[in-house]
Amino acid sequence: MQLADLVQDRPEAGRFRVHRSALTSPEVFALEQRRIFERGWLYVGHESEIPRPGDYRRRTVAGRPLVFLRGSDSQVRVLFNTCTHRGALVCRRDEGNAEVFQCFYHAWTFNNRGELIGTPDPDGYPPGFDRAERALQPPPRVDAYRGLYFISLDRAAPPLADYLGPARELIDLTFDAAEVLGGWTILAGTAKYAIRANWKLLIENSIDGYHFASVHQTYISYMASQRASVGAGTRGAQATLSATAGLSAAARGFALPGGHAGFLSGAPGRGIASPSPLWSDTANREVERVRALLLARYGEERGRRMAEQSRHLLIFPNLLFQDSHTGFRLRQIWPVAPDQLEVLQWELVPRDEHEEVRAYRLENSLLFLGPGGFGTPDDVEALESCQLGFRATEVEWSDVSRGLHRDPLAEDELQMRAFWRQWHALMQGLPAPATHDPRGATLAESRRQ
Amino acid sequence: MSAGDALRAAPALSAALALRLAVEDFLYAEAALLDDWRLDDWLALFTDDARYVVPTTDLPEGDPRRDLVLIDDNLTRLRGRVERLKSRHAHREYPWSRTRRLVTNVRVTGTQGDEVTAAAAFAVYRIRLEMALFVGRYDYCLVRAGDSFKIRYRRATLDLETLRDHGSISIIL
């Protein structure tokens with residue numbers, strides 16, 4: 001199978017399909033490392049994880065060991081976690097606070113700005129040995145947007161803000177919305193799990209509204225029973241299902257330049273800031289207060305989008321930005337093998353959130369998401385099931401054509417097509433896809449609908 | 001300890017032993033209910049104010065009020081979890097996996113009023129297509145109820161660094 005044939009994209013013929021070798025082949029997997037992960041911007045961490053000088057977090061990005069740290073000068077840096085002497089990891093704890101990092105192999109010592117400040121027996125080095133040359137090295141590019149730090153292994157990558165492009169509008173809505181509550185901070189505790197499936201299956205799944213009703217029936221039933229228990233389940237089965245599923249009738253998919261894509265929807269029970277019939281009066285009053293603050297500060301249109309709209313955004317290639325009724329989280333997906341992926345998931349909360357709203361936020365999040373939720377385990381099962389199905393190699397194609405003929409709903413597959421088109425272009429060494437959906441929605445279009 | 005010392009300590013020792021045996025019996029019986037998928041019987045072991053917590057693998061001391069954890073169930077959510085697992089739509093557990101729980105190193109860590117706190121080590125095997133092993137520590141707060149106990153607090157703290165071989169926690173740990 002030639003690279004050019006892996007994705008068959010003929011919108012005019014109502015056809016979009018992906019050759020399953022894109023999800024199984026070791027050659028494709030190896031090429032992805034170079035053409036996808038050594039090119040774009042890759043998420044490293046949020047500034048709230050390292051609030052104090054000396055704070056650090058160990059991270060692995062595209063297989064590279066990194067330290068994400070704040071120096072004594074308060075500057076945030078990202079450095080390769082490898083001694084410039086002979087290579088050992090200089091930081092061997094996952095997180096902490098340190099003035100210096102001393103390599104345990106030969107005791108070279110670096111300060112928390114990455115500078116080499118000590119080598120045992122310095123007279124052993126020839127004249128002209130320059131410590132400055134041997135500082136811990138940063139990745140070729142480091143950049144941040146709204147406190148989210150990214151690296152690129154490609155020196156020629158565009159600035160991060162340009163790379164994000166119009167996706168910034170959605171990121172800004174979420175970040176601006178928490179300003180009235182002291183901004184977002186990442187909670188301690190990370191959900192770390194793995195799935196025996198190709199990484200792209202979880203990318204698709206994370207922005208897929210179509211599977212919700214079938215895969216997550218047990219969650220939908222639980223939510224419906226909760227609503228019924230407070231007398232809120234009388235609006236008819238469909239309304240209950242939509243509301244609990246988080247997909248209102250106005251939900252829409254969108255596709256942005258650069259492969260960033262997702263869907264927008266509305267649902268009750270957003271901590272910022274949409275009340276829920278399942279919440280206490282105290283919590284709902286607080287949510288209404290925050291909502292009023294947002295409308296006053298940002299105007300009716302923008303304030304309402306902040307408060308009422310759930311934003312499921314893929315930041316290409318592998319970061320999910322999800323701000324919904326189940327909370328605000330970042331999910332990063334790493335390929336490990338053609339049939340194995342790893343997930344890291346962080347939960348963000350407003351710093352000054354009311355205690356009761358915080359409790360509902362965390363309840364909503366755990367109820368659905370994460371390896372112990374009522375939803376995620378069944379997604380894991382679905383993805384592993386697909387990967388097993390791919391062993392029937394005689395069945396060569398997966399169909400991704402849903403909604404090609406209409407204004408895209410959240411339950412359509414526009415957002416997956418956008419991901420695949422960008423992926424396919426980059427895999428072929430092309431700067432951007434040549435095709436798009438005939439009725440594909442930008443953010444402005446999805447707002448008008 | 002001389003034979004005489006042992007005899008003199010026997011009544012106190014036997015009370016402590018009896019309590020530990022009672023706790024062990026209870027934990028073994030609980031493990032058997034879960035291995036046999038008798039989930040309604042298992043749910044009946046909990047008090048109305050019960051809590052079942054599983055912290056994340058990177059923060060074993062995680063507190064659900066403050067931190068991200070993996071599971072934080074009160075009785076309503078625990079009932080929801082059981083209902084879900086009994087349904088044919090809990091796809092990760094349909095059909096049910098086979099499980100085997102080894103509960104050991106049981107220690108009574110305290111008693112206060114009608115409450116008994118206990119800790120134990122666990123190895124929970126889940127077998128379906130492949131085998132995954134959950135290893136960790138249980139912390140319990142049990143309340144005396146007749147000649148047995150009810151569970152007020154149950155915490156399963158994993159020793160794993162990630163859920164790399166597991167994908168999810170689709171069973172009760």
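Modeller: In this predicted model, a residue is buried if 20 or more other C-beta atoms lie within 10 Å of its own.

Colleague: How many residues of helix H4 of chain A are buried?

Modeller: Helix H4 of chain A covers residues 199-206. Those that pass the cut-off include A:Trp199, A:Leu201, A:Ile203 and A:Asn205, and A:Lys200, A:Leu202, A:Glu204 and A:Ser206 are buried too.

Colleague: Which strands stand at the edges of the open sheet in chain A?

Modeller: The sheet has three strands in the order S1-S2-S21, with antiparallel pairing, and its twist averages 25° from one strand to the next. A strand at the edge has a single partner strand, so one side of it is left without a neighbour in the sheet. That describes strand S1 (7-10) and strand S21 (397-399) of chain A.

Colleague: What is the bridge partner of A:Gln8 in S2(A)?

Modeller: S1(A) and strand S2 (residues 15-19) of chain A are paired in the antiparallel sense, over four bridges. For A:Gln8, the bridge partner in S2(A) is A:Arg17.

Colleague: How many residues does domain 2 of chain A give to the contact with domain 1 of chain A?

Modeller: Chain A is divided into domain 1 (42-152) and domain 2 (166-448), and their centres, taken over C-alpha atoms, are 34 Å apart. Domain 1 of chain A gives six residues to the contact; by class these are two nonpolar, two polar and two charged. From domain 2 of chain A the contact takes eight residues.

Colleague: Is the crossing of H8(A) and H9(A) left-handed or right-handed?

Modeller: The axes of helix H8 (residues 281-298) and helix H9 (residues 300-308) of chain A come within 7 Å and cross at roughly 145°. Residues in the contact include A:Leu294 and A:Tyr298 of H8(A), and A:Met306 and A:Ala307 of H9(A). By class, the contact has five nonpolar, one polar and four charged residues. The crossing is right-handed.

Colleague: Which element gives the largest share of the side of chain B that touches chain A?

Modeller: The contact takes 30 residues from chain B and 29 residues from chain A. In chain B, the elements that give two or more residues are strand S1 (46-55), strand S2 (69-73) and helix H3 (75-86). By class, this side of chain B has eleven nonpolar, twelve polar and seven charged residues. The largest share, four residues, comes from S2(B).

Methods: Residues numbered from 1 in each chain as written. Chains lettered and ligands numbered in written order. Predicted model: local features only at pLDDT ≥ 70, side-chain atom pairs only at ≥ 80, totals over all residues. Buried ≥ 20, exposed ≤ 12 C-beta atoms within 10 Å, placed from the backbone. Contact = placed C-beta atoms within 7 Å. Nonpolar A, V, L, I, M, F, W, Y, C, P; charged D, E, K, R; others polar. Pairing = 2+ DSSP bridges. Axes fitted to C-alpha atoms, helices over the stretch in contact; angles between N-to-C directions. Domains from an automatic or database assignment. Left-handed = near helix turned anticlockwise from the far one by under 90°.
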